[in-house]
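Subject: Structure for you, with notes

Hi,

Here is the structure I promised.

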Amino acid sequence: MERVNPADPADPADSVQPVDPVRPAGPVDPGDPVPPPVGGVLWTVAGDIRALLMLPAALTMQVAHPAIGAGVDAHSVFRTDPWGRGERSLRSLQLWIYGGEEAAREGRRLRELHRTIQGTDAHGRRYHALTPAYYSWVHATGFPVYTWGLRLLARPLTEAQERQLYAEWLQVGRILGIHDRDMPPTIEEFWPYYRKVLAEELEATVVVRELLDPDQPVPAPDRGPLPLRLALRLLWPVLRRPFLRVRAFLTVGLMPPDAREAIGLEWTDAQERTLRRFARVVRVVVPVLPERLRYLPQARKAREAARRAKR
């Protein structure tokens, strides 16, 4: 993996090194928490298309928590509008990192959206979406998924890069309104916290089982150019089950093994070999793609803006 010059965000996104952690990716209002730095670890990897492969694993770890799973089960539109929900979630995540002054506004919008989400989980326990332990776990899942997914799909982070990634993930947490006291302040304290949640909280909730079930009645994709939507609608009866099988395979495979085990998800040696072969192809193909194919739209705009600012 090549090493990136932090002043040049056009360098390959699978090449990261520590940079000044306080320089924001765009202008912010005074007093607002700042986004991660331009050229930092998170700024470099979050807009790469390989992030799309990792996100379902983080989502599944989130809803494996009974309180969070119950909230998604009762309040989310993931069954009726999965493609719209996915698009909105991805746009929100990209804003936290590449949105500049929009990042803090998006964080406030999300907290407001979650204020009314409450109920009772499958064990009869009351939950509220903004309970710090639950809200923080939703955010925390991204860090172990990134570290594991990058190991497979790009290259393992160095110790310095992993520390920087965690520091930047804490920055994003502040954008989302997560207090410092509600997240482990150091990477050394994160892993015991993470293992404690795995051991004491996670299970194969109803939502986890649905997300991994290839027989779920997921509607045809309704995003993208009209000809593509029409073709997918026509072919969806044939494509739906193979697509859901691949999605489930990548979701479980790109989940950290200890989380996979804690939830009780089956994973065979044969599946592991298939995943490793797939990952080798991804590591070769993605770095040579043109920028318009390799990066998500908001990341491409941020990279171009950074190049203009440098010039």
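Ser92 is buried, with a relative accessible area of 4%. Buried means under 20% relative accessible area, exposed means over 50%, and partly exposed is in between (1.4 Å probe, protein chains only). Ser92 sits in helix H4 (residues 82-98). Helices (H or I, at least four residues) and strands (E, at least two) are DSSP runs, numbered from the N terminus. Leaving aside neighbours within four places in sequence, Ser92 contacts Glu106, Arg109 and Leu110. Contact means heavy atoms within 4.5 Å.

Before you go further: this is a predicted model, where local features need pLDDT of at least 70, side-chain atom pairs count only at pLDDT 80 or more, and totals for chains, interfaces and linings use all residues. Residues are numbered from 1 along each chain as its sequence is written, and side-chain values use heavy atoms, with hydrogens and water left out.

Start with H3. Of its 10 residues, 7 are buried, so H3 is largely enclosed by the rest of the structure. The buried ones are Pro66, Ala67, Ile68, Gly69, Ala70, Gly71 and Val72. Their cover includes H2, strand S1 (118-120), strand S2 (126-128), H6 and helix H10 (206-211).

Now H6 (residues 132-140). Its buried residues are Tyr135, Ser136, Trp137, His139 and Ala140. They pack against helix H2 (50-63), helix H3 (66-75), helix H5 (101-114), helix H7 (142-153), helix H8 (159-175) and helix H9 (187-200).

Aromatic rings

The structure holds 16 aromatic pairs. Rings of Phe, Tyr and Trp (its six-membered ring) pair if their centres lie within 6.5 Å; planes under 30 degrees apart count as stacked, over 60 as edge-to-face and the rest as tilted. The pair Phe190 and Tyr194 is stacked, because the ring centres are 5.8 Å apart and the planes are at 15°. Trp191 and Tyr194 pair edge-to-face, at 5.4 Å centre to centre and 85° between the planes.

Both pairs are in H9. Phe190 and Tyr194 are 4 residues apart there, about one turn of the helix. Trp191 and Tyr194 are 3 residues apart in H9, also about one turn. An α-helix has 3.6 residues a turn, so residues three or four places apart point the same way.

Phe190 is buried. Tyr194 counts as buried, at 1% relative accessibility. Trp191 is partly exposed, at 23%. Ring pairs link Trp137, Phe143, Tyr166, Phe190, Trp191, Tyr193 and Tyr194 into a cluster. Trp137 is also one of the buried residues of H6.

Arginines and a nonpolar patch

Arg300 lies in helix H15 (residues 297-310). Arg300 is partly exposed, at 29% relative accessible area. Not counting residues up to four places away in sequence, Arg300 touches Glu291, Arg292 and Tyr295.

Last, the surface. Leu234, Leu235, Val238 and Leu239 make a nonpolar patch of about 400 Å². Patches are made of residues with over 30% relative accessible area and no salt bridge: like charges are joined within 9 Å, nonpolar side chains (Val, Leu, Ile, Met, Phe, Trp, Tyr) within 5 Å. A salt bridge is a side-chain nitrogen of Lys or Arg within 4 Å of a carboxyl oxygen of Asp or Glu. Areas come from the Shrake-Rupley method with a 1.4 Å probe; for residues, only the protein chains shown count as cover. Leu235 is in helix H11 (residues 226-253). Leu235 counts as partly exposed, at 43% relative accessibility.

Best wishes
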